[in-house]
Amino acid sequence: MGDFTFFLETTISGLMTGVMYSLVALGFVLIFKASGIFNFAQGVMCLFAALTLVGLMEKFGLPAWLAIIATIGVMIVLAWLIERFVLQYMVSQSPIILFMATIGLAYVLEGVGDLMWGSDVKLLDIGLPQGASDWMLDNFNIYVEKLELVAGVVAAAMVAVLAVFFQKTRIGRALRAVADDHQAALSVGISLRTIWVIVWSVAGIVALVTGIMWGSKSGVQFSLSLIALKALPVLILGGFTSIPGAIVGGLIIGVGEKWAEIYVGSLVGGAIENWFAYVLALMFLLVRPQGLFGEKIIERV
Amino acid sequence: MTEHSKKIGDPLLKVDNISLGFGGVQALSNISFEIREHEILAIIGPNGAGKTSMLNVINGFYHPQQGTITFRGEVRRAMRPYIAARQGIARTFQNVALFKGMSTLDNIMTGRNLRMQSNFFWQILHYGPARREEIEHRRRVEEIIDFLEIQAIRRVPVGKLPYGLQKRVELARALAMEPELLLLDEPMAGMNVEEKEDMSRFILDVNEQFGTTIALIEHDMGVVMDISDRVVVLDYGRKLADGTPDEVRGNQGVIDAYLGVPHE
Amino acid sequence: MLYREAGQFKTSYEADQAVFPIRQDRWVIAVVLIVALAAVPLVIEDYWTNAVMLPFLVYALAALGLNILVGYCGQISLGTGGFMAVGAFAAFKLTTMFPGMNLIAVLLLSGLVTAGVGVVFGLPSLRIKGFYLAVATLAAQFFLVWLFNKVEWFYNYNATGQITMPPREIFGFLVTGPAAKPAVKYLFALSFVIVFAVVAKNLVRGRIGRMWMSIRDMDIAAELIGVRPLHSKLSAFAVSSFYIGVAGGLLFTVWLGAAEVTEAFGIDKSFLVLFMVIIGGLGSVLGSFLGAGFLVLMPILLKNFMVGGLGISPVVAKHVEITTMGVLIILFLIVEPHGLARLWQITKEKLRLWPFPY
Ligand SMILES: Nc1ncnc2c1ncn2[C@@H]1O[C@H](COP(=O)(O)OP(=O)(O)O)[C@@H](O)[C@H]1O
Ligand SMILES: [Mg+2]
């Protein structure tokens, strides 16, 4: 029975990490869907948002809620700057050039973030509950971090809000239209440039949420930007354009990685979490080339 | 037309009972016809009739659920496109599919790749057989360039060429393969009258001078009646008629289903 | 009219297909070669060798390799760091297992080993394309670095996990180890780069290059004219990885002499080389050199300017450097997405008309 409890704890912990991956992947998908840009800076955006939040709280003594609002503001301004100074000039470039530009952007954000707030490890405490959840311990005899539960709930809420945003609001529908057809988006009456600013803002806010969750758990430091790398296999698994794909893919990768770490990792010397997810995603592709939710496409000529 | 029919020989390729579907769409149902040696066969039909799909099946790019293709006496169910190419089937595309980043010359030279033999070692040195081969094939390519009158655009990246010329370069690339069977998917789409005349002349010349068997898809009925020896009519994935242009023109089913209604 | 073609009639297809059909290009290349082979070795000292020339040569070779894959065959790879690691560790194992083996043989074999590994990690390219493939190649990056970290056999059970190159001679000259002379190291690396640049040029202007480019530009049409996708993509992965492996081998044996895998071959290396290819020019042999030169020199200049010139503290300078690099890269991609090779092309066109600009 102890084995099973352990298995459950592992699974839950994997799910919680997976939720984090889902969030990062969601940031990727949003931007890719709306503009065809593979935004490599998504991970650094998480770091940048978390750094800004901590900086505002520490250096300016803002209360957490105010700092969060201010950081949202910063992320929106950032989105606007990115559109104004980068994207605007690159509309017709090939995808690989746009991709490289976002790597350049990642450098800039990393450098600026460090210059403004310093590159030492910072604690992020916005008052999220810490420690083990007594309730889970008492009722199920399972050890789960409260923070992880909160992260799970917040991520789920985030996804729900985004779903409503995309399905129900005018802007959301325009965003979905632009993914399919730029002309269609124009007919909704919103300019492409505005849409890009909105999409990058939303991705920035998703990055902030991710940054808060991850930062509360392990502090804010450069390595935060690396979770983006761990979230990338989610994209192969779930597809670059599928929001449900990002969510389910994130969970699969999170859990798969934890299981592998514990049941396989020990056999080969550990630390396999860096690449295991990629191998998992690739194996999956061999069986189902169209990914989780993609339809089988037959190319035409 | 009579001068063509004289040399027309045995069936080169036979299509037997081919059916092909995509999910709900039945692109081809039980299609059978043959392409005879040295002839020009036109495949006509309204948009979405399954003409391109038919060529794709012959090419091995689509795999039919049912039926067989017999090429030079060899029966096959499915095949890979590059094997079809190896056996002497060349192709142009409805929406030009050139290698955009390469020059006209390189595009056509790529059509010769299959015939180039020199191994990796000589390629590395670009010497000996590799070099001789490159020069020899360049000579052949220049003949095609002269034949299609595209000398002036040799060095131009094909992405920069106007549409009509792109179609011509695509034909050149296919000819460079020295195919036995040439499939042309709407070679004259989007061209003006003059360009169409040029293209018709090239197609007839290829057929006459090299004896190449040609199957082409075309919407312009005037052109079809002019240059083809036989016509196959498709509609909604079914075959409506098959015969000489005059026979097809007189076929009531064709008149009702296709010629009567406006098409693109 | 420095670059004048007029009067240079090409009398045969042979002349027309030469590497440098224009006479002035041949002159430029001759001068560059003479300077690189004869003049530079006379004046070069330690700092220039280790900080500029060797990095430039090593990265130019790696960029050449990556350009074959990305620029010519159209397959994006983010695994360059990992493949360089394969080259480095193969070179290390070969030198220590067979102490008598000639260094040239060691490096070529390391390239072959890397080519094999590259083919294995290139297999997904048959099923997935574009960014899906790019992400998949990260698997190679992370797995390989992990492997060379975890499996002690690769670094001969050394406690630090670091590999160190023993001294080796070529024709009686010491090429590796701390006692090797800068000029010797430089010339050794340079010869590799020259030979492989010529090979690359030969490959891309012939049948194989056209095969790669056809897959890059329109894979379906390529297959319908008889190009085998499997064969083309894997051959590009093999040749590309071979180059990158030799570059990794040179990096370890000749340039650094010692390496620790996470530090020397991390994912930042993958990006660095990809940037070189893009800033230099996709699908251009010359571009690989220009890109490598640009990205090797730029940080040095920036750092010297800030720390030496402005007196900024090195830590802050590091952040400013990263930021500036990012800004420069973005700026560059906006202004000339086709890279330095294209700029050179345009300059040449201008020179051709000079001094009559019409
Ligand atoms: N790759 C494909 N996937 C799904 N449907 C296809 C595909 N290729 C063709 N079809 C469908 O098959 C039918 C015939 O198409 P096509 O052969 O292109 O017609 P035509 O060339 O006569 O205009 C159409 O309904 C088309 O939508
Ligand atoms: Mg069609």
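This is a predicted model: local features need pLDDT of at least 70, side-chain atom pairs count only at pLDDT 80 or more; totals for chains, interfaces and linings use all residues.
Reader: How many bridges join strand β4 (residues 66-71) of chain B to strand β5(B)?
Author: Helices (H or I, at least four residues) and strands (E, at least two) are DSSP runs, numbered from the N terminus, and two strands pair if DSSP finds at least two bridges between them. Strands β4(B) and β5(B) run antiparallel, and the bridge partner of Phe71(B) in β5(B) is Glu74(B). The number of bridges that join β4(B) to β5(B) is three.

Reader: What kind of model is this, and which atoms do the side-chain values use?
Author: Residues are numbered from 1 along each chain as its sequence is written, while chains are lettered from A and ligands numbered from 1 in the order in which they are written.

Reader: Which residue takes a positive phi in the hairpin of β1(B) and β2(B)?
Author: Strands β1(B) (residues 11-22) and β2(B) (residues 25-36) pair in the antiparallel sense over eight bridges, and Val15(B) stands opposite Phe33(B) in β2(B). Two residues lie between the strands of this hairpin, and the one with a positive phi, near 55°, is Gly23(B).

Reader: Is helix α2 (residues 51-59) of chain B mostly covered or uncovered, and which residue follows the helix?
Author: A residue is buried under 20% relative accessible area, exposed over 50%, and partly exposed in between (1.4 Å probe, protein chains only). By this rule α2(B) is mostly covered, as nine of its nine residues are buried, including Met54(B), Leu55(B) and Ile58(B). The residue that follows the helix has a positive phi, near 85°, and is Gly60(B).

Reader: How many residues apart are Glu39(B) and Arg230(B), whose side chains meet in a salt bridge?
Author: A salt bridge is a side-chain nitrogen of Lys or Arg within 4 Å of a carboxyl oxygen of Asp or Glu. Both Glu39(B) and Arg230(B) are buried, and their N-to-O distance is 2.9 Å. Glu39(B) lies in the loop between β2(B) and β3(B) (40-44), whereas Arg230(B) lies in strand β9(B) (residues 230-235), which puts this pair from distant parts of the chain apart by 191 residues.

Reader: Which three residues supply 17% of the area that chain C buries against chain A?
Author: Contact means heavy atoms within 4.5 Å, and buried area is the accessible area (1.4 Å probe) that two parts lose on being put together, summed over both. The contact takes 37 residues from chain C and 47 residues from chain A, and about 3,800 Å² is buried between them, 83% of which comes from carbon and sulfur atoms. The three residues, which supply more than any other three, are Phe131(C), Tyr132(C) and Trp146(C).

Reader: Which helix gives the largest share of the side of chain C that touches chain A?
Author: Between chain C and chain A the count of salt bridges is zero. The elements α6(C) (130-150), α12(C) (267-280) and α14(C) (314-335) each supply at least two residues of the side of chain C that touches chain A. The largest share, 12 residues, comes from α14(C).

Reader: Which residue of chain B forms a salt bridge with Arg210(C)?
Author: The area buried between chain C and chain B is about 3,100 Å², with 61% from carbon and sulfur atoms. Arg210(C), Leu224(C) and Ile225(C) supply 25% of what chain C buries against chain B, more than any other three residues. Two salt bridges are found across this interface, and in the one formed by Arg210(C) the closest N and O atoms are 2.8 Å apart, the partner being Glu134(B).

Note on methods
Side-chain values use heavy atoms; hydrogens and water are left out.
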